[in-house]
Amino acid sequence: MAASVRDNLAAVRERIERARQRGGQPRPVSLVAVTKTHPPVLIREAWEAGQREFGENRVQEFEQKHGVVERDGAVWHLIGHLQSNKARRAVQLFDVIETVDTERLARRLHDAASEAGRVIPVFIEVKLSGEASKTGCAESELPALADAVRALPRLDLRGLMTMPPYSEDAERARPYFQRLRDWGERLRVPELSMGMSHDFEIAIEEGATLVRVGTAIFGERPRP
Ligand SMILES: *Cc1c(COP(=O)(O)O)cnc(C)c1O
């Protein structure tokens, strides 16, 4: 029988804590439970096991699901690519936007946040590999984008986010995590969102303050 969401969450939290100690990371590490493609019943189980931070990668999918847990107390992160024309809807639905990658999107989010009377915590998604399929801001454009985001009072630049190229060998992600950490220090942002099911421990050893974990909590995603 498959382990329950509750058991998986407990195991992941324990692994996070051990990696944090190994890496000498003084701050607590936030766990964002990635619920994309998973049914509301599993999200509910995670909520009942005390999980409060969640991640989804599509505005449209989340529109169908966001009523599943109490709005109060839950923190929803948008972790997938966001098109500028969906910025307003994203601000209505999500608490944190992790995938700011252009100035144009930042401005749209800022306008939507003004309309909503909110300040939105955001991350800049950084593309550290040359993969054409990946989204994110190029490193050469990162300092300028960080300045632009900081100039927008309705956006609160919390940190940087990245997704290294997938490899069976999680150790291969380490240099990317180190590079994001270097950028984080240079730009003086408090948070680094990096690490997924197969490599979150390495990310934490390299300074992640937030990991985004789906499969290790909810099992394999159903294939479309
Ligand atoms: C799906 C996804 C995750 C979680 O991936 P797992 O391997 O299931 O843990 C993390 N970050 C982003 C951006 C994702 O799209």
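Analyst: A residue counts as near a molecule if one of its heavy atoms lies within 4 Å of that molecule. This is a predicted model, in which local features need pLDDT of at least 70 and side-chain atom pairs count only at pLDDT 80 or more, while totals for chains, interfaces and linings use all residues. Residues are numbered from 1 along each chain as its sequence is written, and side-chain values use heavy atoms, with hydrogens and water left out.

The ligand is surrounded by Val34, Lys36, Ile79, Met161, Met163, Met196, Ser197, Arg212, Val213, Gly214, Thr215 and Arg221. Oxygen atoms of the ligand take part in several of the pairings with these residues: a polar side-chain atom of Ser197 lies 2.5 Å from a ligand oxygen, a side-chain N or O atom of Arg221 is 2.7 Å from one, and a backbone N or O atom of Gly214 lies 2.8 Å from one. The protein buries 92% of the 390 Å² that the ligand exposes when taken alone (Shrake-Rupley method, 1.4 Å probe).

Among the surrounding residues, Met161 is also touched by Ile124 (contact: heavy atoms within 4.5 Å). Ile124, with Ile97 and Leu160, touches the most other members of the largest nonpolar core, which has 66 residues. Such a core joins buried Ala, Val, Leu, Ile, Met, Phe, Trp, Tyr and Cys residues through side-chain atoms within 4.5 Å, buried being under 20% relative accessible area (1.4 Å probe, protein chains only). Apart from that core lies another, of 7 residues, including Val34, Val96, Phe123 and Leu210.

How values were computed. Buried means under 20% relative accessible area, exposed over 50%, partly exposed in between (1.4 Å probe, protein chains only). A polar contact is a pair of N or O atoms within 3.5 Å; within protein, one must be able to donate a hydrogen and the other to accept it, and residues adjacent in sequence count only if both atoms are side-chain atoms. Lists of a residue's contacts leave out its neighbours within four places in sequence.
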